[in-house]
Amino acid sequence: MAPVQECFISAPGKSILHGEHAVVHGKLALAVSLNLRTYLRLEVTSAAEVSISLPNIDTFMCWNVRVLKPLLSHREGECRSSTDLDTELVRRLREFTAIADGSTDTRSMAVLAFLYTYLCVFADSEVLPSLKVCVWSELPTGAGLGSSAAYSVCVSAALLTARGTISSPLTQSQQTARWSEQELELINNWAFQGEKIIHGNPSGVDNAVGTWGGFLRYHAGKISPLSRVPTLRILLTNTKVPRSTKLLVSRVKDRINQYPSVMTPVLESVDAVSQICERTLAEMATEGASAEHYSMLEDLIDINQHHLNVLGVGHTSLNTLCHVTLAHGLHSKLTGAGGGGCAITLLTPDTDESVVRDVMEELKQVGFDCWETSIGAPGVLMHSPTSLTHSVLEILTKY
Ligand SMILES: Nc1ncnc2c1ncn2[C@@H]1O[C@H](COP(=O)(O)OP(=O)(O)OP(=O)(O)O)[C@@H](O)[C@H]1O
Ligand SMILES: C[C@@](O)(CCO)CC(=O)[O-]
Ligand SMILES: [Mg+2]
């Protein structure tokens, strides 16, 4: 396949309806893509350098490609796998970039994930290619909306396309295009490796949503689209309390290890919540949504929010958020890893617009960001430059 000289790629963020954390331990999760995206521009240059610009986190790095090549010497001639993390390469990269083991510093993880994917994808090239890459996102970074996965999916799709491992699907007359199912699998596998670097022990649900988009059920690594879903109205609120998914995931694991007989039933119950939610959504889509259906969805949200508190990933900011919305009859739960970050609030057909306005106003007064989101956006896309808004294009070409 002919490698590209320049490409633009985007991937969506996600919201988890039910099953965050439990999904890491083999339980069912229901997740949906958001209309907030991460965008990437890749340009092939002749500078003998590879550079990455990450304006969201104020990070701009550049390396001579000849300095990077020796980092691959430990597995000479061996093909790098898209399904297993090369831990020796991660160790070498940590040493090379002087990132301490266990560091969760925002910038470091993004840079490490990029360099790892770059070196693995181009491991068989005699000379590493000179590339200029810029990634910018509409998503809040580290707030539970899958910013790390959208980043990893974009990086993986761009590097695989630049290498010619997957096609460049965009024809001249198209604004956006997607890859074949097989190519999407490969993008997803490499993005999962990126997530491993950023998260430590990801389930893979976030990169799956970033890759395929839409409404997905994710169970023990098996992804399937939810075919029957009603139109749902959801408010997203960002408490703006920073947190790290990596730390929260390991905190839950510690708690399960410490109190297995207490925590295992909680995970089972979260699984049951996801299953009942899936059945209820299917009923709503096929039979029409009733007040009883919405009442069940609200109960499930409340129950799961309590479970997430028991798992140790709640936060006082999230309690405040739930109290504010409940005072107006609206039910909320954290989404993503918790510990702060974002929550979802279900709006029902009976919810008066004045109530939505009042709730949003009150949440903003507490200091949170709040907006109504639209869900089910497409997964990873290749774009023509003209399909991007002026402001996105300006940012991506500025660095
Ligand atoms: N736009 C971006 N530019 C650079 N790095 C990013 C960007 N978005 C995310 N990242 C990387 O992802 C990390 C945040 O990932 P983290 O998993 O903690 O949060 P999240 O993905 O937003 O939330 P969740 O995993 O709960 O959905 C950042 O520390 C950074 O390394
Ligand atoms: C907390 C978690 O379940 C969701 C993060 O969006 C982690 C994961 O599934 O990898
Ligand atoms: Mg993440």
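Predicted model: local features only at pLDDT ≥ 70, side-chain atom pairs only at ≥ 80, totals over all residues.
I noted the bounds next. Domain 1 is made of two stretches of the chain, 6–228 and 378–398, while domain 2 covers 232–375. I then looked up who takes part in the contact: domain 1 contributes 36 residues and domain 2 contributes 45 residues.

**Entry: the area between them**

I looked up the buried area and found about 3,200 Å² between domain 1 and domain 2. Carbon and sulfur atoms account for 64% of that area. On the domain 1 side, I wrote down the residues that lose the most area to domain 2: His18, His21 and Arg228. Together these three give 22% of what that side buries.

How many salt bridges are counted between domain 1 and domain 2? I found 3. I also looked at one salt bridge by its side chains, Arg217 with Glu278, where the N to O distance is 2.8 Å. For polar contacts across the interface of the two domains, the count is 16 residue pairs.

**Entry: which elements face domain 2**

I listed the elements of domain 1 that each supply at least two residues to the side touching domain 2. They are strand E1 (6–18), strand E2 (29–44), helix H5 (181–199) and strand E7 (215–219). E2 gives the most, with 7 residues. I sorted the residues of this side by type and got 17 nonpolar, 13 polar and 6 charged.

**Entry: salt bridges in the whole structure**

I widened the search to the whole structure, which gives 12 salt bridges. I picked out the pair Lys333 and Glu20, whose side chains meet at 3.0 Å, N to O. Where in the chain do Lys333 and Glu20 sit? Lys333 is in strand E10 (residues 332–334), and Glu20 is in the loop between E1 and E2. The two residues are 313 residues apart, so I filed this pair as a link between distant parts of the chain.

Residues 292–359 are 54% helix and 13% strand, with 23 Å between the end C-alpha atoms.

Technical notes: Residues numbered from 1 in each chain as written. Chains lettered and ligands numbered in written order. Heavy atoms only, no water. Domains from an automatic or database assignment. Contact = heavy atoms within 4.5 Å. Buried area = accessible area lost by both parts, 1.4 Å probe. Salt bridge = Lys/Arg side-chain N within 4 Å of Asp/Glu carboxyl O. Polar contact = N/O pair within 3.5 Å; in protein donor to acceptor, adjacent residues only side chain to side chain. Helix = DSSP H or I, 4+ residues; strand = E, 2+ residues; numbered from the N terminus. Nonpolar A, V, L, I, M, F, W, Y, C, P; charged D, E, K, R; others polar.
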